[in-house]
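I opened my notebook to write down what I looked up, one topic at a time.

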Amino acid sequence: MDKLPTQMTVVAISKPGGPEVLVPEQRPVPQPGPDEILVKVEAAGVNRPDVAQRSGAYPPPPGASDLPGLEIAGEVVAVGSNAKRHKIGDKVMSLVAGGGYAQYCIAQDAQAMSVPPALSIKEAGALPETLMTVWHNVFERGGLKAGETLLIHGGSSGIGTMAIQLAKAFGAKVFVTVGSQDKVDACLKLGADRAINYKTEDFVTVVKEETNKAGVNLILDMVAGDYVDRNYDAAAVDGRIVQIATLNGPKITANIAKVMVKRLTHTGSTLRPRSNADKAAMVAAIEQKVMPLLREGRVKPVMDSSFPLEKAADAHRRMETSAHIGKIVLEA
């Protein structure tokens, strides 16, 4: 640590509020614990949970940094005494529980992955949180199998664009909902079988038409609100719905009889509060199942835009327009 600076630039949340509350400040460079590594951040992904944290609706878990930022990529510059997977000088990408909006960030050694040569460091910074969210919720929790049908709400988001690619790579048929023709085109280009503009089409009607009235096997939903009851209509018998966010609000009114008649499973998860052991297990599965696709360049994050670290407020403004297609990143 003696060659590293003692201070770093971070972007902190001065108080709950709009993008303007994201302010650069100076803080001490953290030191890694026994199972941790210190990464000199080159790129940090911007995600909806960051926006929720900034607004005061998504506090960090106990012990986590109060800084926003859940995924990073960069160079390992220090390692803890028990860290064996990575060494100083390695280029890594990692999920973090917080602290990504900074020049240096602590990561768990077991949660960091080597950056494959097919990815730029900017792409790597846009990947870990998104990839782990999709892998766990679509494949582990949702149980998607080859030959099944998947409906993704928010198909042009960072999560959605990654889910399209992985679902197609593993042999599923994919439908998405989006809010503009540009987003329809982008999702079709990525491989979606049908992109539904929810402003001009009813996704339940389209799904029924496309599946000969059977419905879809799995729905990945980040909307909630009034979508929940409609998801039950769009789901097939024995269908699964996985909830990963509640952009239309967490309170719902739904006809539970539909769940009973169709034998539906409605589950959900959030990644941030999960234990380090859980996250390490997800990383191990991803390295086995998904990393070959990343190395071959068959799957990679769709990049929307990048902003300097100090302009994090502008990155949040971009995200809150919902005009973006794919991932927004900060460059430290």
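**Helix α7**

I began with helix α7, residues 227-234, and found that 6 of its 8 residues are buried. Buried means under 20% relative accessible area, exposed means over 50%, and partly exposed is in between, with a 1.4 Å probe and protein chains only. Helices (H or I, at least four residues) and strands (E, at least two) are DSSP runs, numbered from the N terminus. I listed the buried residues of α7 as Y227, V228, D229, N231, Y232 and A234. What lies over them? I found that the cover includes β8 (149-153), α6 (203-210), β11 (216-221), β12 (235-243), α8 (256-262) and β13 (265-268).

**How the model was read**

This is a predicted model, where local features need pLDDT of at least 70 and side-chain atom pairs count only at pLDDT 80 or more, while totals for chains, interfaces and linings use all residues. Residues are numbered from 1 along each chain as its sequence is written, and side-chain values use heavy atoms, with hydrogens and water left out.

**Two loop residues with positive phi**

I next looked at backbone angles. Most residues other than glycine have a negative phi. K213, in the loop between α6 and β11, has a positive phi near 75 degrees. K213 is exposed, with a relative accessible area of 70%. R263 sits in the loop between α8 and β13, and its phi is also positive, about 55 degrees. R263 counts as partly exposed, at 47% relative accessibility.

**Nonpolar cores**

A nonpolar core is a set of buried Ala, Val, Leu, Ile, Met, Phe, Trp, Tyr and Cys residues joined through side-chain atoms within 4.5 Å. I noted 65 residues in the largest one, where M93, L166, V176 and L220 have the most contacts inside it. A second, separate core of 13 residues includes V11, L22, V51 and Y101.

Which residues does V176 touch? Contact means heavy atoms within 4.5 Å. Not counting residues up to four places away in sequence, I found L151, I152, G155, I164, C187, A192, R194, A195 and I196.

I located E320 in helix α11, residues 312-321. At 36% relative accessibility, E320 is partly exposed. Leaving aside neighbours within four places in sequence, E320 is in contact with P19, R48, V51 and R54.

**The second largest pocket**

On a 1 Å grid over the protein atoms alone, a pocket is an open set of points where a 1.4 Å probe fits, with protein on both sides within 12 Å along at least five of seven lines; lining residues have an atom within 4 Å of a point. I counted 27 lining residues for the second largest pocket, with G63, A64, S65, G98 and I106 nearest its centre. Two or more residues each come from β2 (22-28), β6 (104-108) and α9 (276-289). Which element gives the most? I found β6, with 5 residues.

**A97**

I ended with A97, in the loop between β5 (91-95) and β6. A97 is partly exposed, with a relative accessible area of 27%. Leaving aside neighbours within four places in sequence, A97 is in contact with P61, A64, L70, R272 and K279.
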